[in-house]
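The entries follow the order in which I consulted the structure.

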Amino acid sequence: MANNKTFTMLKPDSVEKGNIGAILEKITSSGFRIVAMKLTQLTTADAEAFYEIHKDRPFFADLVTYMTRGPIVAAILEKDNAVEDFRTLIGATNPAEAAEGTIRNMFADSISENAVHGSDSDENAAIEGAFHFSGREMF
Ligand code: CMP
């Protein structure tokens with residue numbers, strides 16, 4: 001049975017463009033409850049660890065630079081079927097291919113600066129949530 005939590009980051013481009021409120025409204029009005037949330041900034045070591053799976057990809061250095069250049073909003077979200085439903089809500093990695101009305105369709109500029117992160121599995125949602133939050137920060 002699917003877990004009911006996922007992890008998201010509103011990436012630096014979303015914060016820079018003043019889109020925190022609009023994206024959170026889209027998330028909560030789509031039925032997700034915010035369990036934990038903070039404005040924070042990734043260090044280079046944080047971003048390298050978080051995106052370790054991509055370390056051999058040609059875009060890895062740019063990804064680390066992008067994700068560390070300013071604050072992000074990190075959050076844990078709760079909903080039935082959270083991981084899959086949130087990935088549907090955010091749309092394809094490349095905003096040019098993201099369905100109408102998805103967060104990346106509405107707020108992202110490019111495949112590299114794509115506004116939001118969404119966990120790709122229940123296992124990674126738990127790992128990524130624990131990367132950013134202690135138990136006492138989850139409600
Ligand atoms: P996300 O899927 O959340 O996590 C990996 C990130 O790497 C992705 O979002 C983009 O920000 C970035 N990324 C993925 N594919 C590419 C690509 N082909 N070129 C540049 N950046 C990419």
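Entry 1. I note that the model is predicted.

Entry 2. I then located histidine 117 in the fold and found it in strand 4, which spans residues 116-118. Is histidine 117 buried or exposed? Its relative accessibility is 11%, so histidine 117 counts as buried, the cut-off being under 20%.

Entry 3. I next listed the residues around the ligand, and His117 is one of them.

Entry 4. Which atoms lie 2.9 Å, 3.1 Å and 3.0 Å from oxygen atoms of the ligand? For lysine 11, I noted a polar side-chain atom 2.9 Å from a ligand oxygen. For serine 112, the atom concerned is a backbone N or O, 3.1 Å from an oxygen atom of the ligand. For asparagine 114, a side-chain N or O atom is 3.0 Å from a ligand oxygen.

Entry 5. I then looked up how far the protein covers the ligand. On its own the ligand has 450 Å² of accessible area, and the protein covers 77% of that area.

Entry 6. Last, I checked where the ligand is placed, and I recorded that the ligand sits in the largest pocket.

Terms used:
Residues numbered from 1 in each chain as written. Predicted model: local features only at pLDDT ≥ 70, side-chain atom pairs only at ≥ 80, totals over all residues. Heavy atoms only, no water. Near = heavy atom within 4 Å. Polar contact = N/O pair within 3.5 Å; in protein donor to acceptor, adjacent residues only side chain to side chain. Areas by Shrake-Rupley, 256 points an atom, 1.4 Å probe, with all protein chains shown as cover. 1 Å grid on protein atoms, 1.4 Å probe; cavity = no way out; pocket = protein on both sides within 12 Å on 5 of 7 lines; lining within 4 Å. Sits in = over half its atoms within 2 Å of the grid points. Helix = DSSP H or I, 4+ residues; strand = E, 2+ residues; numbered from the N terminus. Buried < 20%, exposed > 50% of the residue type's maximum accessible area, 1.4 Å probe, protein only.
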